[in-house]
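Work through the exercises below with the sequence and coordinates open. Try each task before reading its solution.

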Amino acid sequence: MLAPVLVAQALRTRRRALVMPEAGGERRGGVGAGAADSAAPLRVLIAGDSSTAGVGVSSQDLAVAGHLARALYAVTGRPVAWTLRARSGLTTRGVHSMLERDPPPPADVAIVISGVNDVVDQVTIRRAIAHRAALADWLLGQGLARHVAFAQLPPVHQFPLLPEPLRRVLGDDARRHDAALARWAATRVDVSHAAFHVELDAAGMAVDGFHPGEAVYRVCGEALAAHVSTIGLGRPDPSIAT
């Protein structure tokens, strides 16, 4: 019964949504190089959609990549060499296609931040999990990662841009997608689900009401760093070429 209302709200929301650029700045870098310790760098791939690309802030230093790299160095004490591959509008399958077209350098851990566009595009949960499995298997099979961590889906039910009841419906769908992701990841030793708590409100979001602001990127980056620090990667695998 709500379908006509939801369709109308979705169309209106798309029409009035601001089109914001991805964050500027370098998409690869290092933190802690030349530090007093001689630990080998922890190589990190960060891949995903518009939030991964830093839409909502001006530079990658203020986006999730910058906060994650700095927090990971702080929590592990190891230098961090990071690579970012992200583009607005990508579903999980789109992230996979992007990486296949331009393979990233090998990493110790790949962090994938995707899923909102799966929900918006009405990708079924079964297909979304299949796409995540295909992406993880490709990264691991190609020697491009030793572990793949999928970030939780954000609390879509808190996105200020979305009107009710669209916000509630998409939010419930996002929670189901995330629960399925957690169940699937729990069956793997080489894949994990990075779950953490984040509250979204207009003050912490970008001006479009859909993407994170710098404060939310900081919370997410630090939470993802804490998750990666628990994986127990140790030193780089010598079988993976640098």
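**Exercise 1.** Is Asp173 buried or exposed?

*Solution.* Start with the ground rules. This is a predicted model, where local features need pLDDT of at least 70, side-chain atom pairs count only at pLDDT 80 or more, and totals for chains, interfaces and linings use all residues. Residues are numbered from 1 along each chain as its sequence is written, and side-chain values use heavy atoms, with hydrogens and water left out.

Next, apply the classes: buried is under 20% relative accessible area, exposed is over 50%, and partly exposed lies in between (1.4 Å probe, protein chains only). Asp173 has a relative accessible area of 13%, so Asp173 is buried.

Now look at its partner. Asp173 and Arg176 form a salt bridge at 4.0 Å, N to O. A salt bridge here is a side-chain nitrogen of Lys or Arg within 4 Å of a carboxyl oxygen of Asp or Glu. Arg176 is partly exposed, at 46%.

**Exercise 2.** Describe the overall layout of the protein.

*Solution.* Count the elements: there are 7 helices and 6 strands. Helices (H or I, at least four residues) and strands (E, at least two) are DSSP runs, numbered from the N terminus. Their order is α-β-β-α-β-α-β-α-α-β-α-β-α.

Then check burial. Of the 242 residues, 52% are buried.

Then check contacts, meaning heavy atoms within 4.5 Å. Among contacts between residues at least 6 apart in sequence, 81% join residues at least 24 apart.

**Exercise 3.** Which residues touch the most other members of the largest nonpolar core?

*Solution.* Define the set. A nonpolar core consists of buried Ala, Val, Leu, Ile, Met, Phe, Trp, Tyr and Cys residues joined through side-chain atoms within 4.5 Å. The largest one has 70 residues, and Val44, Trp82, Leu139, Val148, Phe150, Trp184 and Leu224 touch the most other members. In soluble globular proteins, nonpolar side chains tend to be buried together.

Zoom in on Trp82. Leaving aside residues up to four places away in sequence, its contacts include Arg27, Val44, Ile46 and Ala65. Arg27 also forms a salt bridge with Glu22, with the closest N and O atoms 2.6 Å apart.

**Exercise 4.** Find the backbone exceptions.

Check omega. The Glu164 to Pro165 bond is cis, with omega near 5°. Pro165 lies in the loop between strand S5 (147-151) and helix H6 (166-185).

Check phi. Gln122 has a positive phi, near 60°. Gln122 is in the loop between helix H4 (116-120) and helix H5 (125-141). Its relative accessibility is 54%, so Gln122 counts as exposed.
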